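Take a look at the model below. We will walk through it one piece at a time.

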Amino acid sequence: MTEEKKAAVKTSSAIMGLSELDHFTAEKEFTRCGLCENNCALTVTIFSDGSKFVTGNRCERGAEKVTKIKFDRSQQKENLVDYKYKKLFKFKALSKRKAPHGVMGIPRVLNMYENYPLWHTILTDLGFRVQISPKSDKALYEKGIETIPSDTVCYPAKMVHGHIQALIDKQVDAIFYPSVIYERIENSKAPNHYNCPIVQGYPEVIEKNMDPIRDGQVKYFHPFVNLANPKTLVSSLTKAFAKDYPDISQEAISQAVEHGYQALTDFKADLQAKADELLTKIALKKEKAIVLSG
């Protein structure tokens, strides 16, 4: 027997054996693609080894989306709120050695929470070590309760005082908490993108009611900004940092702002893709889900 024939004999066949065929199963699931106006009706055949075959799609996009989903049969459910939280605060801060402008604190409050990828990226690019305040809890609320000027203001606003005090206690070099008048335009059909008065004005409330801020014990940056207009954001930040950080140029701020908007866009795109994946799973497996919206 030649060496070629011996090699051919030793090579195992890719065809299923009898034992594999005895345990072979195939389940069918039905869903809709939803990635374009065609909204193709997809038939997903799931084999016993976990592989999937998709039919009914008019292009490859629907098949790509479905085949990326892992169909494990465990009882563990996914939590998109937890997924978002981990993604939102995954950004790494500069070491103190690599941060020429010191430690800049960001309170984990109100709109600062949702826009954290933007602000973290901008400040990191400008040479700050970003320090985020702790997670909210009762103890943190009580830390700032003595400086809350109004009992009628919303609870999320009352929490701001504790977050600011926590940053002061950590002895950060400065705190960044801008007054955001307008958010980004994310939906052209939305009637407006104007923030509520609390979001707009609470940085001013903090300045007037917390002694360490009012007395200048810690630098406090609270410029009025418009997130719908990157050019005015660059101007606002340039003006805000000009006195204390004259070495930060407007060009550097412009580049940092561009990078920050990209980081925020990437974060939201990732979150939307994950949500789309979970909705597809729910449709395929005919499961129920809890939706938290605000």
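Start with A252, which counts as partly exposed because its relative accessibility is 29%. The cut-offs are these: buried means under 20% relative accessible area, exposed means over 50%, and partly exposed lies in between, with a 1.4 Å probe and protein chains only. A252 sits in helix α12. Helices (H or I, at least four residues) and strands (E, at least two) are DSSP runs, numbered from the N terminus. The C-alpha atom of A252 is 9.5 Å from that of V234, and the two residues are 18 apart along the chain.

A word on the source. This is a predicted model, in which local features need pLDDT of at least 70 and side-chain atom pairs count only at pLDDT 80 or more, while totals for chains, interfaces and linings use all residues. Residues are numbered from 1 along each chain as its sequence is written, and side-chain values use heavy atoms, with hydrogens and water left out.

Now go inside. In soluble globular proteins, nonpolar side chains tend to be buried together. A nonpolar core is a set of buried Ala, Val, Leu, Ile, Met, Phe, Trp, Tyr and Cys residues joined through side-chain atoms within 4.5 Å. The largest one here has 50 residues, and W119 and F241 touch the most other members. Helix α12 (residues 250-285) gives the most to this core: seven residues. Another core lies apart from it, with eight residues, including C33, V44, V54 and L284.

Which residues does F241 touch, not counting those up to four places away in sequence? They are M104, L123, L126, F176, F221, P246 and I253. Contact means heavy atoms within 4.5 Å.

W119 belongs to α6, where it is buried. Helix α6 spans residues 116-125, and nine of its ten residues are buried. After α6 comes G127, with a positive phi near 95°.

Next, find the sheet. It is open, with four strands in the order β5-β4-β6-β8 and parallel pairing. Two strands pair if DSSP finds at least two bridges between them. The edge strands, β5 (129-132) and β8 (219-221), each pair on one side only. From one strand to the next, the twist averages 30°.

Look at β4, residues 103-106. Four bridges join β4 to β5 in the parallel sense. V103 stands opposite R129, and M104 has V130 as its bridge partner. Two bridges join β4 to β6, also parallel. There, G105 stands opposite I175. In a regular strand the side chains alternate between the two faces of the sheet. In β4, V103 and G105 point one way, M104 and I106 point the other, and all are buried.

Helix α8 (residues 155-169) packs on this sheet, touching β4, β5 and β6 (174-176). The directions of α8 and β6 make about 150°. Axes are lines fitted to C-alpha atoms, for helices over the stretch in contact, and angles run from 0 to 180 degrees between N-to-C directions.

K158 is in α8. Does K158 lie buried or exposed? K158 is buried, yet has no salt bridge. A salt bridge is a side-chain nitrogen of Lys or Arg within 4 Å of a carboxyl oxygen of Asp or Glu. The nearest side chain of opposite charge, D151, is 4.8 Å away. Lys and Arg count as positive, Asp and Glu as negative; His and the chain ends are not counted.
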